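Here is a short tour of the structure shown below. Have the viewer open as you read, and follow the elements from topic to topic.

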Amino acid sequence: MRENFGSESPWEPRIGFSRAVRVGNQVFVAGTTGLGDRDQFVGNAGAQTAEALRRIEAALVQAGATLEDVVRTRLWLRRIADLDAVASVHRAVFGAIRPASTVVEVTALADPRMLIEIEADAVIGAGTPVRKEPTVHPEATLTDRLSRFVADCPLDAVPAPIVHEAKRAMVDGLGVALGGSGHESVELLLRYCQTLGGVAESQVWGRPDRLPAELAALVNGQAEHVLDFDDTFLPHETVIHGTVPVLPGLLAVAEARRLDGRSIVRGLVLGLEIELRLALALGRAHYLGGWHVTATAGPVGGAIGVGALLGLDAPALRNAIGIALTHSGGVTAMFGTMSKAYHCGKAAEAGVRSALLASLGFDSAPEPLVHPQGYLNVVSSDRAAHHLTDRLGEQWRVAENGYKPYSSGVVTHPLIDALVAVRNKGVRAEQVAAIEARVNPWVLQATGQAEPTTGLEGKFSAYHCAAVALLDGTARPAQFTDERVNDPAAVALRRKVRLTPDDALRKDEVAVTVELLDGNKHTEYVARASGTAENPLSDDALSAKFLDLARPVLGARADALLDRVWHLESLADATELAMLLARK
């Protein structure tokens with residue numbers, strides 16, 4: 001006996017087919033794509049795979065089968081280069097079922113937006129109930145799964161290289177925060193916070209002042225990001241400064257509660273890991289739409305970090321995530337102003353508040369992330385929720401973090417590398433007729449200010465960054481003062497810079513041609529910018545960067561602080577760090 005089953009896909013009546021056909025105990029599911037609930041394709045290949053498998057599961061259930069009954073899948077890919085992303089989702093769903101499977105690259109699918117199409121065959125009764133919960137990123141359990149992972153992950157379960165990477169992040173974060181501690185915006189924010197009162201329980205870094213833990217996290221977060229010199233996670237899909245929403249809150253609460261170094265390291269590792277995974281899950285469209293990802297994913301990282309520090313259980317951590325998302329927000333229109341760094345301080349403050357509220361029993365939605373009106377579905381058209389849990393505890397995104405050699409928007413760094421290399425060949429600004437650069441399109445979106453007038457705007461002007469790289473051979477804080485941005489030599493040279501967007505280039509890649517007045521040309525290609533995970537700064541280089549920024553603020557105590565961070569696991573009481581971070 002044959003039964004046909006349909007769905008709401010517009011392709012079924014147009015072509016004349018069923019979503020699934022059952023004959024006896026066999027179910028055949030037609031080729032299924034990542035067409036979302038609003039007749040929109042959900043984004044990248046991984047996200048389309050997850051959506052296609054969700055729709056396949058719905059068809060199987062309608063026909064009386066389950067995913068455990070699937071005996072064969074066929075995957076038709078537009079680009080075989082997408083196989084890793086597709087495979088990670090397929091493995092998350094079928095890793096315990098192991099159906100026979102075929103993967104084929106095809107020239108085209110029915111719609112150019114389609115990146116993958118999947119067929120499935122099932123035999124009812126063939127499967128055993130190997131899963132006790134829904135499979136394709138279950139909306140009722142995803143945040144619970146994250147929360148359980150954090151609650152159940154001791155520091156000893158974290159690989160030693162990841163623990164070391166967290167300490168590298170802390171060295172870098174404290175250094176840039178001390179370097180930014182004297183900035184005008186930090187002074188203004190501190191003055192405001194001092195009007196609010198409260199228990200002065202946590203240190204303001206690089207200053208003699210103390211504040212309540214939440215407010216200390218806010219001010220220290222502002223200081224850590226205001227130079228735009230802090231670490232950056234830079235995959236294809238997104239950009240986020242991971243440490244600043246997590247570290248200030250961790251140290252503020254650890255000091256107030258007199259917690260130890262191992263607790264701090266654990267909180268930093270887990271806060272960073274969940275935050276970076278959330279940034280990936282938010283997708284490319286989230287950033288391109290104008291969201292500042294550090295301000296949107298950051299509060300969750302901060303909440304997880306402080307929650308792990310305090311030893312919250314899984315239900316409390318789930319609530320902390322939802323509370324943090326309630327604080328989430330910030331747009332890239334603020335780049336080049338004090339408010340960009342305020343996004344980061346606010347994320348750190350929100351992380352503290354969210355974890356502390358959750359610890360008292362304050363609740364949130366049971367599924368704040370992937371509920372139909374949850375955060376991922378509201379703020380992203382190409383969300384990819386599988387990034388949150390795929391190989392969680394096996395693949396650590398913390399290992400992909402990068403550290404800046406220059407204090408400007410990270411997508412300007414390959415351009416700076418290239419112009420420094422041209423300078424090192426003996427080329428000087430007065431010889432230059434034109435500078436032509438092919439760059440990733442994000443360079444123009446994030447750092448396209450052609451005529452900056454302040455130091456903060458200069459950090460988001462690829463034109464100014466190229467100019468000072470050739471003029472000065474670097475792009476450190478001295479290159480981003482108001483005076484340097486308005487220097488006639490810098491203005492004249494940046495007006496000779498022409499940037500051409502090229503989708504074929506990654507964000508850490510650039511091709512530059514410098515044409516001289518005598519007609520000669522110099523070309524430079526940067527495959528991986530310095531400071532990225534693929535071309536990393538060494539521990540010695542990070543220590544040198546820290547001391548360059550910290551010694552003018554702390555003097556000789558900077559060296560003692562650096563040694564304490566590198567040996568953080570042996571720290572008995574966080575107040576020792578606080579005393580080293582205070583300016584006398």
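This is a predicted model: local features need pLDDT of at least 70, side-chain atom pairs count only at pLDDT 80 or more; totals for chains, interfaces and linings use all residues.

**Helix α16**

- Helix α16 spans residues 413–424, and its 12 residues reach 16 Å from the first C-alpha to the last. That is close to the 16 Å expected at 1.5 Å a residue.
- Most of α16 is covered, with nine of its 12 residues buried.
- Those buried residues are H413, P414, L415, I416, D417, A418, L419, V420 and V422.
- Just after α16 comes G426, which takes a positive phi of about 100 degrees.

- I416 is found in helix α16. Is I416 buried or exposed? With a relative accessible area of 0%, I416 is buried, as the cut-off for that label is under 20%.
- Setting aside neighbours within four places in sequence, I416 is in contact with Y406, S408, C465, A469 and A475.
- I416 and V526 are 110 residues apart in sequence, while their C-alpha atoms are 9.7 Å apart in space.

**The four-stranded sheet**

- Four strands make up an open sheet with mixed pairing, in the order β10-β9-β11-β12.
- Which strands stand at the edges? They are β10 (497–501) and β12 (521–526); each has a single partner strand, so one side of each is left without a neighbour in the sheet.
- From one strand to the next, the twist averages 15 degrees.
- Strand β9 (residues 432–439) pairs with β10 in the parallel sense, over five bridges. To find a bridge in the viewer, look for E436, whose partner in β10 is R498.
- Helix α19 (residues 462–472) packs on this sheet and touches β9 and β10. The direction of α19 makes about 130 degrees with that of β10.
- Helix α16 lies across β9, β10, β11 (510–516) and β12, and runs at about 40 degrees to β11.

**The six-stranded sheet**

- Another open sheet has six strands, ordered β1-β2-β3-β6-β4-β5, and its pairing is mixed.
- At the edges are β1 (2–5) and β5 (100–105); because each has a single partner strand, one side of each is left without a neighbour in the sheet.
- Neighbouring strands here are turned by 10 degrees against each other on average, direction ignored.
- Strand β4 (residues 70–77) and β5 pair in the parallel sense over six bridges. R74 has T102 of β5 as its bridge partner.
- On this sheet packs helix α3 (residues 83–94), touching β4, β5 and β6, with a direction at about 165 degrees to that of β4.
- Helix α2 (residues 45–62) lies across β1, β2 (20–23), β3 (26–32), β4 and β6 (116–123), and runs at about 30 degrees to β6.

**Helix against helix**

- Helix α6 (residues 184–194) packs with helix α7 (residues 213–226) at an angle of about 175 degrees, their axes being 9 Å apart.
- Angles over 145 degrees count as roughly antiparallel, and α6 and α7 are therefore roughly antiparallel to each other.
- On the α6 side, the contact is made by S185, V186, L189, L190 and C193. The α7 side brings L215, L218, V219, Q222, A223 and V226.
- What is the make-up of the contact of α6 with α7? Its residues divide into nine nonpolar, two polar and no charged.

**A residue in a loop**

- Where is Q373 placed? Look in the loop between α13 (338–359) and α14 (375–379).
- Q373 has a relative accessibility of 61% and so counts as exposed, the cut-off for that label being over 50%.
- Q373 and A467 are 94 residues apart in sequence and, from C-alpha to C-alpha, 46 Å apart in space.

How values were computed. Residues are numbered from 1 along each chain as its sequence is written. Side-chain values use heavy atoms; hydrogens and water are left out. Two strands pair if DSSP finds at least two bridges between them. Helices (H or I, at least four residues) and strands (E, at least two) are DSSP runs, numbered from the N terminus. Axes are lines fitted to C-alpha atoms, for helices over the stretch in contact, and angles run from 0 to 180 degrees between N-to-C directions. Contact means heavy atoms within 4.5 Å. Angles under 35 degrees count as roughly parallel, over 145 as roughly antiparallel, 65 to 115 as roughly perpendicular and the rest as oblique. Ala, Val, Leu, Ile, Met, Phe, Trp, Tyr, Cys and Pro count as nonpolar, Asp, Glu, Lys and Arg as charged, and the others, Gly among them, as polar. The expected span of a helix is 1.5 Å times one less than its number of residues. Buried means under 20% relative accessible area, exposed over 50%, partly exposed in between (1.4 Å probe, protein chains only).
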